[in-house]
Amino acid sequence: MPRKTKKLAAVAAARKSLSESNSKNLTPNGNPVFPLSTRPRSSSISPSRSRPRPLTAFERKMKKYRSRSRSRSPSASSSRSRSHSPIVTENPCTRTFVEASMLLQLISSLKCPQPGCGSQVEGRVNWKRTKGFSLCVQVYCPVCGDVVKQMFTSSTDATSTATPPPYTVNKLMTLAALWSDMEPYKLSTFCEVLDMPSLHQKTFNKKAQLVYGESKNVRKEVFRKAAETVRREYAEETGTDPDPETTLDMAVSFDGSWMTRGHSSLIGIGCVIDTLTGLVLDAHVLSQHCQTCATSGEWVKRETPHRYEQWLAQHRQEGCSVNYKGSSRMMEPEAAKVMWKWSLELHNIRYTTFVGDGDSKAHDRVVRQKPYGEEVENR
Ligand SMILES: [Zn+2]
Ligand SMILES: [Zn+2]
């Protein structure tokens with residue numbers, strides 16, 4: 001097979017294998033997603049079966065995507081055979097905006113389920129117990145004088161590593177805000193316009209940390225799969241041992257970038273790319289900025305300077321974003337140094353041949369560092 005075709009085939013195979021194993025964790029764009037609450041299979045407020053509502057453009061798109069990912073997932077046949085209702089399976093939405101007053105109006109049309117009562121109940125929102133976007137909705141019976149049922153408008157995320165698990169909607173709103181470049185105050189403005197409760201800045205930051213921690217696992221898995229594919233392709237191409245226990249020496253391409261142009265960016269990234277398949281094997285972000293240091297840290301330094309050292313030590317233990325100090329131009333070599341150092345531990349691979357652009361600083365750093373010992377030559 002010609003080299004280019006082979007490269008494309010390897011990339012396609014890796015994408016396929018990633019999407020199969022992570023179809024629950026990745027969107028079609030390869031972005032991580034978090035499990036959504038299961039859509040109810042039946043509903044008392046389903047539209048009339050005789051005239052199904054025409055699907056919107058978004059619903060049609062989602063339907064196409066869902067049927068594609070269903071046919072890929074191993075449980076496809078079982079989930080298809082579970083329900084034949086066109087109304088339930090064709091409705092792709094798990095969430096929507098609901099005006100609280102409309103919901104309460106619906107609840108107020110119900111009867112009290114207590115034995116011997118049966119009077120009309122009232123719907124209320126308990127704002128004290130409401131957590132961010134998850135409203136605490138209560139069904140109150142004025143005759144029994146009691147809350148007969150209470151529920152939150154969002155499920156909790158059982159797959160989360162946090163205790164207690166967060167409300168799914170709060171986590172997803174944070175993720176959506178982060179992906180749309182919305183800081184906490186922008187999200188608050190967004191919610192203010194919609195007359196919705198929002199997340200406190202501290203809660204937002206906590207959720208952002210949580211989402212970041214969990215996406216790290218997805219990232220790890222993506223790189224692991226990439227390395228697995230690369231190893232297989234190398235074995236085929238060069239006749240090396242595909243066993244992951246055998247150390248593999250290979251040629252990689254390396255490049256870096258910054259978050260902002262010019263030479264003053266506070267955040268930079270370096271990537272290690274396999275030259276045969278074009279798959280990214282590792283990436284490392286370097287940051288000279290930490291939002292907590294820039295806000296809370298500066299405040300502590302100004303208001304209570306004697307407490308600053310103690311505050312900083314505690315903050316570093318909890319996780320400060322700053323992992324680099326120096327010039328932005330030297331971020332690229334630094335990222336290369338870090339990734340060459342841990343490549344054996346990460347993939348049991350030695351990046352012995354370095355293919356870079358004109359900027360040789362990263363290459364020089366790696367050659368000088370001798371990450372694999374004196375006897376292994378880095379080219
Ligand atoms: Zn009652
Ligand atoms: Zn910090």
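**Backbone, sheet and cores**

I start in the loop between S3 and helix H6 (168-179), which is where Pro164 sits. Keep in mind throughout that this is a predicted model. The peptide bond joining Thr163 and Pro164 is cis, with omega at about -10°. As background, most peptide bonds are trans, and most residues other than glycine have a negative phi.

Asn348 is not a glycine, yet its phi is positive, about 55°. Asn348 belongs to the loop between H11 and S7.

Next, the strands. Strand S2 (residues 136-141) and strand S3 (residues 146-152) run antiparallel and are joined by six bridges. Cys136 has Phe152 as its bridge partner in S3. The hairpin of S2 and S3 has four residues between the strands, and Gly145 there has a positive phi near 65°.

Now the open sheet. In what order do its four strands come? The order is S6-S5-S4-S7, and the pairing is mixed.

Take S4 and its pairings. With S7, S4 pairs in the parallel sense over six bridges, and Ala251 has Thr353 as its partner in S7. With strand S5 (residues 267-274), S4 pairs in the antiparallel sense over seven bridges. In S5, Gly268 is the bridge partner of Trp258, and Gly270 is the bridge partner of Gly256. One helix to look at here is H8, which lies across S4, S5, S6 and S7 and runs at about 140° to S6.

On to the packing. In soluble globular proteins, nonpolar side chains tend to be buried together. In this model the largest nonpolar core has 24 residues, and Val252, Leu281, Ala336 and Tyr351 have the most contacts inside it. Which elements each supply at least two residues of this core? They are helix H8 (201-238), strand S4 (248-258), strand S6 (280-287), helix H11 (331-347), strand S7 (349-355) and helix H12 (361-369). By domain, the core draws at least three residues from each of domain 2 (157-240) and domain 3 (247-288 + 324-379).

Leaving aside neighbours within four places in sequence, Val252 is in contact with Val272, Ile273, Asp274, Thr275, Leu281, Tyr351, Phe354 and Val355. There is also a second, separate core of 12 residues, and among them are Phe133, Met173, Ala177 and Leu210.

To recap: a cis bond between Thr163 and Pro164, a four-stranded open sheet with mixed pairing, and a largest nonpolar core of 24 residues. I will stop there and take questions.

Conventions
Residues numbered from 1 in each chain as written. Chains lettered and ligands numbered in written order. Predicted model: local features only at pLDDT ≥ 70, side-chain atom pairs only at ≥ 80, totals over all residues. Core = buried A, V, L, I, M, F, W, Y, C linked by C-beta atoms within 7 Å. Buried ≥ 20, exposed ≤ 12 C-beta atoms within 10 Å, placed from the backbone. Domains from an automatic or database assignment. Contact = placed C-beta atoms within 7 Å. Pairing = 2+ DSSP bridges. Axes fitted to C-alpha atoms, helices over the stretch in contact; angles between N-to-C directions.
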